[in-house]
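These are notes for a colleague opening this model for the first time. Please keep the sequence and the 3D view at hand while reading the points.

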Amino acid sequence: MEIDSRSAVDMEKEDDRCLIEQVELTVPKTDDPTLPVLTFRMWVLGLVSCVLLSFVNQFFWYRTQPLTVSAISAQIAVVPLGHFMARVLPTRRFFQGTRLEFTMNPGPFNVKEHVLITIFANCGAGTVYASHILTAVKLLYKRKLTFLPAFIVMLTTQVLGFGWAGIFRKYLVEPEKMWWPGNLVQVSLFSALHEKSKRPKGSMTRTQFFLVVMIASFAYYIFPGYLLIMLTTISWVCWIRPKSILVNQLGSGMNGLGIGSFAIDWSTISSYLGTPLASPWFASANVAVGFFLVMYVMTPITYWSNIYSAKTFPIFSSHLFMANGSMYDVLDVIDSRFQLDHGEYAKKGPLHLSTFFACTYGLGFAALSATVMHVLLFNARDILDAFHGNKKKDVHARLMKSYKSVPTLWFIIILVINIALIIFASVYYKESLQLPWWGAMLACFMAFVFTYPIGVIYATTNMEPGLNVITEYVIGYLYPERPVANMCFKVYGYISMTQALQFVMDFKLGHYMKIPPRAMFTAQMVGTVVAVVVYQCTAWWLMSDIHNLCDTSLLPPGSPWTCPMDRVFFDASVIWGLVGPRRIFGNLGEYSNINWFFLGGAIASVLVWLAHRAFPKQKWILAVNMPVLLGATGMMPPATAINFTSWIFVAFVSGFVVFRYRQDWWKKYNYVVSGGLDAGTAFVTILLFLTLQSQNINLEWWGNKGEPCPLATCPTAKGVIVDGCPISYVDDEET
């Protein structure tokens, strides 16, 4: 009997052990269902966090380095406020004995309140992507778009994802393999901020360590953020021969291959790829291999082989060009109906891309087909098990049985209301939005189809392949020469799926922290609506207050208001919407061979699967994730080589070196370091802007002149004339 009893205990411990080692090391396996959740202080601090982060993130979105202030900054700031409110708020109960009974102070500030406040902050920290439409139409196309149709588009694209999230939560939240690595940063931070253990002798608690990292990050960022901006891009190779185009192209981290380039600046490291400390090493390794193949194999071969007249244009650029290498003035080929003017387009000639930009579109095609094939080949059994309910529940799923789930009907109602509102906007504001009702429905269908396969990749690698390219491609063929319709289709197809995955990710955070699902749903819904209102109002204010916002031809040199993300979005609307894919990637275009990337991506995933079947004992083969590898450079441009080289180095140190050789330290401090760096950088960036940069108080000296590679954007083709660039009289630049 004693042996049986011990066996039962061992079996129970084994059942409680998580399959994913990072989850096992980070997520607590306990719960207290009696803790109050939807409290007065949760609503106050949650709404304030949502409003502030929405404002700050939209504010920084237009800057050259678009710092995203993550929810972690609010997650930390509200802790002393929560404890303060627990001490000073009255404990009196109102409407006692009725269903409306409540108190402003139900007791000590607890971790579950804190999680819901952070969910509000997440709503504010996530950008409202549809604001790109507002910026593109008003600032770059210089056309009219009124407040109400813009608001409807922004609101529906954000909330529509609730419907998809409700449908797929069973398959993307409950399974143990869907572990959502990005959530572990916040889980670790919650544990650190609410731990009650005493400081070990000769060491620090996680809270103390977090404060040290945050203060150090705050103090240090004054240098790359203001005093020594050169630290954001140290491209030392350009110093060797600063007047050589070739050396500039090789060494520039902003406009070239970035060989030897690095940054000692957390905002540069985490700007586009997120924190490298949250990425599992196998995913980081896929990103590193993908970046290396694209930047140091594909780009040199295509550029110096002059494929697609590559030497006529910069080696790295997202701009649109004429055949002679000069910039393409898009406004010249738009008629009074906001459509393509065929006569003017014929006069100016076809639109050209840098070869790198064209190939990144191809890689987007490949990543999408690789994603679908990867999920079908590697996750088919998981799909069937989840569908039939055969999968054994892990310890966290068992603990969540204590709470009522959110009825699927709630999600369906939200979905139906949103679709009705979308159809209304498509019909009533057709002149402004250009998108027909059937186009909106097709976009919704595409979002629904791709939510699960892309969700699987995101949930296991912390990398999210995008639908932006394929949505633009589809509507560009079906409804060409209408740029606003193309943009609207993209945000409904792409962003509603992205929002669905963000909601699912938040549900998984609630799953780890044992938050009642209905409370989580309420916080998400309210936070999303509030965030949309603040984002749009902030964008509207900035457009009227900052002169020449986003117009790089009129902004003064060194202006931070260059809007790189909006510029890429605008260029994409020209390529796919105004001109149309048929004239660029179709039978009328120069880049039709790029379509072969679709087939290449699917074949790549099949080859990995066949290799795994042939050599099942070689575990490293399973770590090869073609959707991540092929989509590694999906953020380039606007992301540049400097963002990748620095990110990969930090990811290697954290995910491989420290995790393998100092796992106890990694378990205790890794995610805490990430949160401290995020928070310190965010706070000092806001402080620098409010106190110095907003007053145009800047330091002019050598260390603040930016990257020393001014010729990196110069063409090398014979006879091409570009301002500020030497003219080459040979077939390539050799000096």
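1. In helix H23 (residues 468-478), the buried residues are Val469, Ile470, Thr471, Glu472, Tyr473, Ile475 and Gly476. Their cover includes helix H17 (355-378), helix H22 (437-461), H24, H26 and helix H27 (596-614). Buried here means under 20% relative accessible area, exposed means over 50%, and partly exposed is in between, with a 1.4 Å probe and protein chains only. Helices (H or I, at least four residues) and strands (E, at least two) are DSSP runs numbered from the N terminus.

2. On the source: this is a predicted model, in which local features need pLDDT of at least 70 and side-chain atom pairs count only at pLDDT 80 or more, while totals for chains, interfaces and linings use all residues. Residues are numbered from 1 along each chain as its sequence is written, and side-chain values use heavy atoms, with hydrogens and water left out.

3. Lys490 belongs to helix H24 (residues 483-513). Lys490 counts as buried because its relative accessible area is 2%. Apart from neighbours within four places in sequence, Lys490 is in contact (heavy atoms within 4.5 Å) with Tyr129, Asn468, Thr471, Glu472, Ile495, Phe569 and Ala572. Among these partners, Thr471 and Glu472 are also listed as buried residues of H23.

4. H24 also packs on H22: their axes come within 8 Å and cross at roughly 40°. Axes are lines fitted to C-alpha atoms, for helices over the stretch in contact, and angles run from 0 to 180 degrees between N-to-C directions. The H22 and H24 crossing is right-handed. A crossing has that hand if the near helix is turned clockwise from the far one by less than a right angle, and is left-handed if anticlockwise.

5. Which residues in H22 and H24 meet? From H22 come Gly439, Leu442, Ala443, Met446, Ala447, Phe450, Thr451, Ile454, Gly455 and Tyr458, and from H24 come Phe489, Tyr492, Gly493, Ser496, Met497, Ala500, Leu501 and Met505. The contact of H22 with H24 comprises 13 nonpolar residues, five polar and no charged. In this scheme Ala, Val, Leu, Ile, Met, Phe, Trp, Tyr, Cys and Pro count as nonpolar, Asp, Glu, Lys and Arg as charged, and the others, Gly among them, as polar.

6. Helix H4 (residues 71-88) and H30 have axes that come within 8 Å and cross at roughly 90°. H4 is therefore roughly perpendicular to H30. Angles of 65 to 115 degrees are given that name, those under 35 count as roughly parallel, those over 145 as roughly antiparallel, and the rest as oblique. Ile72, Ser73, Ile76 and Ala77 in H4 meet Gly675, Asp678, Ala679, Ala682 and Phe683 in H30. The contact of H4 with H30 has six nonpolar residues, two polar and one charged.

7. Asp678, one of the H30 residues that meet H4, sits in a helix spanning residues 663-691. Is Asp678 buried or exposed? Asp678 counts as buried, because its relative accessibility is 16%. The side chains of Asp678 and Trp266 make a polar contact at 2.8 Å. A polar contact is a pair of N or O atoms within 3.5 Å; within protein, one must be able to donate a hydrogen and the other to accept it, and residues adjacent in sequence count only if both atoms are side-chain atoms. Leaving aside neighbours within four places in sequence, the residues in contact with Asp678 are Ser70, Ile72, Trp266 and Ser270.

8. Helix H5 (residues 111-125) and helix H9 (residues 183-194) pack at an angle of about 140°, their axes being 11 Å apart. H5 is therefore oblique to H9. The residues of the contact of H5 with H9 are four nonpolar, five polar and no charged.

9. Some backbone details deserve a look. Cys563, in the loop between helix H25 (517-545) and helix H26 (564-579), has a positive phi of about 55° although it is not a glycine. Cys563 is buried, with a relative accessible area of 1%. Tyr308 has a phi near 55°, again positive in a residue other than glycine. A cis peptide bond joins Pro637 and Pro638, with omega about 15°.
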